[in-house]
Amino acid sequence: MDEAREQPEVTSLEQTDANRENREKPENISLEKTAEAVQGQISAQAEELIAEGEQILSTVPKVAPEEKREFLEIQKEITDLKEDTQSEITKNLESGKKTPENFSRAAKILRNALKRLEKTAEEGYVFSYDPIMEKTSQGKEIKVDSLSWGSDDGIMTESKWRVVCVATDPTDGKVVGLRLSDIRKDGMTKDEKKGFVDKLKITGEILTRWRGEGIAPALDKAFLKVATQYVNYYKQELVGEFQFNWSVENANLKRLNEKKEQGLSGPELEELEVEQKRWQAVYGEGGKMGFEKVGEYDYSRIVEPQMEEGKSYDLQPVDLEKFKKIEAALEECAEKNN
Amino acid sequence: MNQSEQKQKIKNIYNSFLVKLNALKKRQFAFLKSLLEKKQQADLEDIRKNFH
């Protein structure tokens, strides 16, 4: 027992850092990696103490239930301390993340647009389907609400559908991603089997609050489901044949090429290259979302109807409470960089 | 808050964890030590009773 009491105190972070100094310069280690390493150390040290206690207790003969209970209380405090500290580190990491300016700006524009649409929503001309739950590649759940309305941007011949998806973190209701899209007419095509087909183009952009957390692919998976509902609606309600082409632009590659031309190198370029690989794996040819390359930076895929027999694909006017809730959530992230 | 400030904050959280963990470590060993001594004392008394 005395031997156990004389064990050295738990190593401090400064000492651990010093041991690592020769391998990695601390300023080069990302914040996320630092947090991950510290959380791992916390876990290992707490578990080691729990195991030591259990090992010593196993040598004590005839332990009474109340003695065992007291021992377990101490062990629970160790576990609580471990979990509370890890969660404090996670919170610290999240609070330090800056909301990107383009995301805040988009949230503000959308919030203003929704404010102007309040009367239209009351009249029942803003539509919404049921929310969709998706998981990011990092296993975090996001809730995706959709809103759509007809818009002509002041030019009656240029009418289009605005389809907006707002992704929130279901644990705190904060907006983590936005997809702002349009569905507009794009001429006609002749199909051997179907005859004349009206083409519709789905365009838009996606913005996420945090980068590299897999929010965009999860949001676009939900967007595809929302878009499919509109395709189903057209098939159910309108006479004729339609083809919905979802187009995306590889803006990241454009930026990457521009930076290369400007002679940029180092971490900034590497970051764009890593981002490009991620983009290609999702939206590139043979990527997860099924897009095909149609131009230097343009990719496209057809959104096919997926109708279940007997199911209605009528547009559903948005519930006003939900509409206001989305507005309030946008308010929070629009304020971030004001 | 910039990255180095955040790293410093994580360090502070960790150091505060170490202080609390060391306190729990001492408490756990003190408890186990007194438990063991209690048992040893009980054993000694048993032996004494049997001896008489």
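Me: How is the crossing of H8(A) and H9(A) described, left-handed or right-handed?

Reply: In this predicted model, the crossing of H8(A) and H9(A) is left-handed. The term applies because the near helix is turned anticlockwise from the far one by less than a right angle.

Me: Why are H8(A) and H9(A) called roughly antiparallel?

Reply: Helix H8 (residues 251-261) of chain A and helix H9 (residues 267-283) of chain A pack at an angle of about 150°, and their axes are 9 Å apart. Angles over 145 degrees count as roughly antiparallel, and the two helices are therefore given that description.

Me: What makes the contact between H8(A) and H9(A)?

Reply: H8(A) contributes Asn252(A), Leu253(A), Arg255(A), Leu256(A) and Lys259(A). From H9(A) come Leu269(A), Leu272(A), Glu273(A), Glu275(A), Gln276(A) and Trp279(A). By class, this contact has five nonpolar, two polar and four charged residues.

Me: Which residues touch the most other members of the largest nonpolar core?

Reply: Of its 44 residues, these are Cys165(A), Ala167(A), Val175(A), Leu219(A) and Ala227(A). H7(A) gives the most to this core, with 10 residues.

Me: With which residues is Cys165(A) in contact, leaving aside neighbours within four places in sequence?

Reply: Cys165(A) is in contact with Val144(A), Ser146(A), Arg179(A), Leu219(A), Ala222(A), Phe223(A) and Val226(A). The criterion is that C-beta atoms lie within 7 Å.

Technical notes
Residues numbered from 1 in each chain as written. Chains lettered and ligands numbered in written order. Predicted model: local features only at pLDDT ≥ 70, side-chain atom pairs only at ≥ 80, totals over all residues. Axes fitted to C-alpha atoms, helices over the stretch in contact; angles between N-to-C directions. Helix = DSSP H or I, 4+ residues; strand = E, 2+ residues; numbered from the N terminus. Parallel < 35°, antiparallel > 145°, perpendicular 65-115°, else oblique. Contact = placed C-beta atoms within 7 Å. Nonpolar A, V, L, I, M, F, W, Y, C, P; charged D, E, K, R; others polar. Core = buried A, V, L, I, M, F, W, Y, C linked by C-beta atoms within 7 Å. Buried ≥ 20, exposed ≤ 12 C-beta atoms within 10 Å, placed from the backbone.
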